[in-house]
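Keep the viewer open as you read.

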Amino acid sequence: MKMKLFELEEILPRKFVRVSKSAIVNVKHIYSVERNITSASLISFAGTHKQLYASRSYYKLLKLRLGERRFL
């Protein structure tokens with residue numbers, strides 16, 4: 001892609017959230033988020049074995065968007 005990640009983040013709808021310096025995820029596909037001692041969060045996705053680590057600096061926004069998902 002020719003766009004930078006922060007530019008793409010601004011264009012995408014609210015169901016997408018940045019979780020690290022190199023990843024944006026769709027909140028609707030998140031199955032679970034596990035927090036560990038080092039403050040890195042392991043994200044598991046529904047219907048697949050893929051996992052991704054979320055940075056602690058992006059965790060607050062991720063938690064907020066997951067909370068919004070419950071009320072939709």
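## The nonpolar core

In this predicted model, the largest nonpolar core is made of eleven residues. They are Val17, Val19, Ala23, Val25, Val27, Ile30, Ile43, Phe45, Ala54, Leu62 and Leu66.

Val17 is a handy core member to click on. Skipping anything up to four places away in sequence, Val17 touches Ala23, Ile24, Val25 and Val27, and also Leu61, Leu62 and Arg65.

## The three-stranded sheet

Now for the sheet. Three strands form an open sheet in the order β3-β4-β5, and the pairing is antiparallel. The edges are β3 (30-35) and β5 (51-54), and each has a single partner strand, so one side of each has no neighbour in the sheet. Going from one strand to the next, the twist averages 25 degrees.

Zooming in on one pair, β4 and β5 are joined antiparallel over four bridges. Ile43 has Leu52 in β5 as its bridge partner, and Ile43 also belongs to the core described above.

## Ser41 in strand β4

Is Ser41 buried or exposed? This residue of strand β4 counts as buried because its relative accessibility is 0%, with the cut-off for buried being under 20%.

What is Ser41 in contact with, leaving aside neighbours within four places in sequence? The list is Val33, Glu34, Arg35, Leu52, Tyr53, Ala54 and Tyr59. One of these, Ala54, is a member of the largest nonpolar core.

Methods
Residues are numbered from 1 along each chain as its sequence is written. This is a predicted model: local features need pLDDT of at least 70, side-chain atom pairs count only at pLDDT 80 or more; totals for chains, interfaces and linings use all residues. Side-chain values use heavy atoms; hydrogens and water are left out. A nonpolar core is a set of buried Ala, Val, Leu, Ile, Met, Phe, Trp, Tyr and Cys residues joined through side-chain atoms within 4.5 Å. Buried means under 20% relative accessible area, exposed over 50%, partly exposed in between (1.4 Å probe, protein chains only). Contact means heavy atoms within 4.5 Å. Helices (H or I, at least four residues) and strands (E, at least two) are DSSP runs, numbered from the N terminus. Two strands pair if DSSP finds at least two bridges between them. Axes are lines fitted to C-alpha atoms, for helices over the stretch in contact, and angles run from 0 to 180 degrees between N-to-C directions.
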